[in-house]
Amino acid sequence: MKLIRTIIFSLIGAILLLLPKLATAQAMPAASSATDLKASGVKTGTSLGLSAAKSADHTTLLQLLKASGLLEQAYGKEPYTVFAPTNAAFSELPDRELPELLLPSSKQRLIQFLAYHVVKGRLTTDQLKDGQTLTNLTGQILIVHKQGNDITIKDGRGTVAEVLEADIRATNGVVYTVNRVLQRIVNKGPIVR
């Protein structure tokens, strides 16, 4: 549980890191595909936690971080890589998904949901390789696909998220803006008739 909290704090920090950069980038046209990838390499000079609250395109993620109770803990020193979904990515979830995650009774599920987007360590685009597997904080596998400057991340359900902006560097991690929400494999068990 302590590791998950540390991870979530790092996720929150990463999101906070993205916010100022994204607010500046919002004046530009949104990337429509991985071929429009922006490898910003921007260094925010602040922690992931301090940076997240400033991104107009990550307000849903920020809301989820606040609801998880972990926002104030996003100032950790251990480095993490965060794949931060945009507001548009969250809008593609089933209608009931977000309201259910925000319920107090769903707090542990929300923490796991957020942790799925976080990988331990500071991974920049030059370290990512095609076919590389990354283990996220929930212990599940994400698969990197990289062709030239195009990077995608595939989750356990087979969803492929395009990286829209890469290498946003905080003092305690790296953030990648992605166009899809990453989700874990759900074991549904046998069908009972």
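The model is predicted; local features need pLDDT of at least 70, side-chain atom pairs count only at pLDDT 80 or more, and totals for chains, interfaces and linings use all residues. Residues are numbered from 1 along each chain as its sequence is written, and side-chain values use heavy atoms, with hydrogens and water left out.

The protein chain holds 6 helices and 8 strands. Both are DSSP runs, numbered from the N terminus: helices are H or I with at least four residues, and strands are E with at least two. Along the sequence, the elements follow the pattern α-β-α-α-β-α-α-α-β-β-β-β-β-β. The chain has 193 residues, and 48% of them count as buried. Buried means under 20% relative accessible area, exposed means over 50%, and partly exposed lies in between (1.4 Å probe, protein chains only). A contact means heavy atoms within 4.5 Å. Among contacts between residues at least 6 apart in sequence, 73% join residues at least 24 apart.

In soluble globular proteins, nonpolar side chains tend to be buried together. A nonpolar core is defined here as a set of buried Ala, Val, Leu, Ile, Met, Phe, Trp, Tyr and Cys residues joined through side-chain atoms within 4.5 Å. The largest such core has 22 residues. Leu 64, Phe 90, Phe 113 and Leu 114 touch the most other members. At least two residues of this core come from each of helix 3 (59-68), strand 2 (80-85), helix 4 (87-91), helix 5 (97-101) and helix 6 (107-115). Another core lies apart from it, with 17 residues, including Phe 83, Leu 123, Ala 161 and Leu 182.

Helix 3 was examined in more detail. Its buried residues are Thr 60, Leu 61, Leu 62, Leu 64, Leu 65 and Ser 68. Leu 64 touches Phe 90, Leu 98, Leu 101, Leu 102, Leu 110, Phe 113 and Leu 114, not counting residues up to four places away in sequence. Thr 60 also sits in helix 3. Thr 60 counts as buried because its relative accessibility is 15%. With residues up to four places away in sequence left out, Thr 60 touches Asn 87, Phe 90 and Leu 98. After helix 3 comes Gly 69, whose phi is positive, near 80°.

Helix 3 also packs against helix 6. Their axes come within 9 Å and cross at roughly 135°. Helix 3 is therefore oblique to helix 6. Axes are lines fitted to C-alpha atoms, for helices over the stretch in contact, and angles run from 0 to 180 degrees between N-to-C directions. Angles under 35 degrees count as roughly parallel, over 145 as roughly antiparallel, 65 to 115 as roughly perpendicular, and the rest as oblique. The crossing of helix 3 past helix 6 is left-handed. In a left-handed crossing, the near helix is turned anticlockwise from the far one by less than a right angle; clockwise is right-handed. From helix 3, Leu 61, Leu 64, Leu 65, Ala 67 and Ser 68 meet Lys 107, Leu 110, Ile 111, Phe 113 and Leu 114 in helix 6.

Tyr 116 lies in the loop between helix 6 and strand 3 (118-120). Tyr 116 counts as buried because its relative accessible area is 1%. Its contacts include Asn 136, Ile 141, Asp 155 and Leu 182, not counting residues up to four places away in sequence. Tyr 116 and Ile 141 are 25 residues apart along the chain, and their C-alpha atoms are separated by 9.2 Å.

Ala 161 touches Ile 151, Thr 152, Ile 153, Val 178, Asn 179, Arg 180 and Leu 182, not counting residues up to four places away in sequence. Asp 167 is found in strand 7 (residues 160-170) as well. At 5% relative accessibility, Asp 167 is also buried. Its phi is near 55°, a positive value in a residue other than glycine.

Strand 8 (residues 173-178) contains Thr 177. Thr 177 counts as buried, with a relative accessibility of 3%. Thr 177 and Leu 164 are 13 residues apart along the chain, with 5.4 Å between their C-alpha atoms.
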